[in-house]
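Here is a short report on one structure. Look at the sequence and the model, then read on.

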Amino acid sequence: MHVYGTASVNEEGNLEIGGVDTLELASHFGTPLYVYDVELIRERAKGFKKTFEKLGVQAQVAYASKAFSSIAMIQLAKEEGLSLDVVSGGELYTALKADFPKERIHFHGNNKSVEELEMALDHEIGCIVVDNFSELSLLEELCSSRGQKIAILLRVTPGIEAHTHDYILTGQEDSKFGFDLLNGQAERALEQSLNSDWIEVLGLHCHIGSQIFETTGFILAARKIIGQLKNWHQSLGFDSKVLNLGGGFGIRYTKEDTPLPASVYVEEIVTEVKKQLQDSELNMPEIWIEPGRSLVGDAGTTLYKVGSEKDVPDIRKYLAVDGGMSDNIRPALYDAKYEAVLANRPLEDPEETVSIAGKCCESGDMLIWDLPLPKAGRGDILAVFCTGAYGYSMSNNYNRIPRPAVVFAEKGEARLVIRRETYQDLVQFDVPLQEAIKNK
Ligand SMILES: Cc1ncc(COP(=O)(O)O)c(C=O)c1O
Ligand SMILES: N[C@@H](CCCC[NH3+])C(=O)O
């Protein structure tokens with residue numbers, strides 16, 4: 001068995017996370033249950049920060065809160081001295097509720113609404129990552145009408161095709177995100193911003209994709225951007241204070257995945273930036289990164305209770321669990337692969353191969369195909385690893401299934417940080433026909 005993060009097997013032979021027995025967690029908090037190993041998140045955050053410190057580079061490590069946003073999670077990011085990437089009014093609201101330092105909040109998104117931009121301006125957050133011309137003009141208008149200045153990064157698409165799933169690629173030319181670097185859009189956006197009385201351009205941003213296992217894409221992106229920065233220094237007198245190279249650092253979901261240590265991504269990015277800046281008149285910019293998955297992904301485990309089973313003779317055995325695509329849509333959406341063990345017998349040798357089905361009314365609601373497992377049946381607890389990123393944050397109420405609870409486990413203690421939804425929660429926004437107000 002691969003030991004994920006600080007997960008271990010205790011004297012009772014049960015899987016333990018953050019020093020807490022997962023069977024106790026399942027019986028106390030119910031299932032499905034997302035369990036986070038808090039120490040591992042802290043370790044990952046420190047790992048990124050220390051690498052920058054070791055290299056003597058000014059940096060910000062911004063947690064991409066889309067991976068998992070909750071008040072407790074944002075408080076944890078604050079405790080670890082991270083910055084924060086938010087991508088919607090809802091994520092910003094969560095950050096504000098968590099009392100996250102406003103100056104370290106960066107606001108992303110390809111279609112921020114007027115209300116969202118106003119919210120960011122009201123709270124004077126650190127910067128807005130401007131994605132397109134219409135947003136740039138809108139922001140300028142808002143700032144000028146309020147008499148308020150704002151710091152921005154310009155998100156550029158460097159024309160890099162990272163090796164990952166098509167749906168999570170973002171740095172290629174044909175992308176809905178950012179100003180294209182090669183066709184002159186980025187230069188026009190920079191000129192427009194530099195000419196504005198209301199906008200201070202801190203620098204450039206790019207994010208080439210997610211779940212990336214190589215450094216090549218980041219290096220090429222840095223090279224292309226710095227190449228442009230040199231031109232813009234000559235032509236526009238622009239000196240970028242910040243270079244944000246996004247997130248996307250891959251993690252190990254299964255043995256097929258071979259991620260690099262976070263330090264390697266950081267070291268190679270910094271080395272390339274320094275190399276490209278040699279003999280130029282540009283100052284070394286602050287390097288910002290935005291990891292989401294690599295901070296919280298393998299720190300999360302989902303506990304499910306096994307229910308029905310179905311044998312299709314000579315074809316396959318299905319074991320159904322009490323969750324599925326409602327709490328983890330990634331297998332259905334990206335064909336994502338996961339590993340799992342029985343929480344009550346993690347070290348027992350597999351006896352059969354089973355496929356783990358979710359309980360949603362979709363044939364595509366399969367969590368894991370062909371998983372070797374000891375004989376398991378109704379009542380057993382299945383622990384699916386590496387569900388900490390884009391699990392809860394992409395969960396939904398399909399089939400009116402309530403969202404699971406989230407627990408933080410650390411040093412032998414478990415804290416409920418998001419309570420389980422109830423059936424009452426599910427109908428809270430419904431208006432019965434007889435009460436519905438007619439719009440004449
Ligand atoms: C702009 C931006 N920054 C950061 C991230 C975080 O990516 P990841 O969770 O792969 O680190 C994403 C998601 O892909 C993103 O779109
Ligand atoms: N949600 C995706 C990644 C996209 C991240 C946001 N740009 C995943 O689960 O892998």
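## A cis proline

P32 sits in the loop between helix 1 (22-29) and strand 4 (33-37). Helices (H or I, at least four residues) and strands (E, at least two) are DSSP runs, numbered from the N terminus. The peptide bond joining T31 and P32 is cis, with omega about -10°.

This is a predicted model: local features need pLDDT of at least 70, side-chain atom pairs count only at pLDDT 80 or more, and totals for chains, interfaces and linings use all residues. Residues are numbered from 1 along each chain as its sequence is written, while chains are lettered from A and ligands numbered from 1 in the order in which they are written.

## Two positive phi values

Q211 lies in the loop between strand 11 and helix 8. Its phi is near 55°, positive in a residue other than glycine. Q211 is buried, with 23 other C-beta atoms within 10 Å. A residue is buried if 20 or more other C-beta atoms lie within 10 Å of its own, exposed if 12 or fewer, and partly exposed in between; C-beta atoms are placed from the backbone.

R400 belongs to the loop between strand 19 (381-385) and strand 20 (405-410). R400 is not a glycine, yet has a positive phi of about 50°. R400 is exposed, with 10 other C-beta atoms within 10 Å.

## The buried face of helix 7

In helix 7 (residues 185-194), the buried residues are A186, A189 and L190. Seen down the axis of helix 7, they fall within an arc of 100° , so they line one face of the helix. The arc is that of the directions from the helix axis to the C-beta atoms.
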